[in-house]
Amino acid sequence: MKSGQKAPGGDFYNTAISRIDRYYANAVINAESSGDMAIAKAASMLGVTLKTYHKTVDKILEMA
C-alpha cells in the first residue's frame with residue numbers, strides 16, 4: 001500500500017449504524033441514559049460491544 005492511502009475496508013461505526021433503525025436506536029439510547037436499561041443490555045440491543053457502545057451512540061446522535 002502506498003503512503004497516504006487508506007486501508008481497504010469500511011468504517012465500523014458507519015456499518016453498525018446502517019444496520020440500526022434510527023427511531024429504535026434513539027429509544028434504546030434514551031432508556032439507557034435515563035437508567036431504565038442497563039448499558040450492557042443497550043449495547044446488546046444495538047448489536048455492538050460495551051467497548052464500542054459510547055462511540056456508536058455519539059455517531060448516532062450526531063446524525064439526529
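1. A contact here means heavy atoms within 4.5 Å. With that in hand, take the contacts in the protein between residues at least 6 apart in sequence: 43% of these join residues at least 24 apart. Please keep in mind that this is a predicted model.

2. The fold is quick to describe. The protein has four helices and zero strands, and from the N terminus on its elements run α-α-α-α.

3. On overall dimensions, the radius of gyration of the protein is 14 Å, whereas a compact globule of 64 residues would have one near 11 Å.

4. The protein exposes about 4,700 Å², with carbon and sulfur atoms supplying 53% of it. Of its 64 residues, 30% count as buried.

5. The protein carries 8 positive and 6 negative charges, and their mean positions lie 12 Å apart.

6. Helix H4 is worth a visit in your viewer. H4 covers residues 50-63, 14 residues in total, and reaches 21 Å from its first C-alpha to its last, close to the 20 Å expected at 1.5 Å a residue.

7. Which residues of H4 are buried? They are Thr-52, Tyr-53, Thr-56, Val-57 and Ile-60. As background, an α-helix has 3.6 residues a turn, so residues three or four places apart point the same way. The buried residues of H4 pack against helix H1 (12-18), helix H2 (22-33) and helix H3 (39-46).

Conventions: Residues numbered from 1 in each chain as written. Predicted model: local features only at pLDDT ≥ 70, side-chain atom pairs only at ≥ 80, totals over all residues. Heavy atoms only, no water. Helix = DSSP H or I, 4+ residues; strand = E, 2+ residues; numbered from the N terminus. Rg over C-alpha atoms; globule rule 2.2 N^0.38 Å. Buried < 20%, exposed > 50% of the residue type's maximum accessible area, 1.4 Å probe, protein only. Areas by Shrake-Rupley, 256 points an atom, 1.4 Å probe, with all protein chains shown as cover. Lys, Arg positive; Asp, Glu negative; His and termini not counted. Charge placed at Lys NZ, Arg CZ, Asp CG, Glu CD. Expected span 1.5 Å × (residues − 1).
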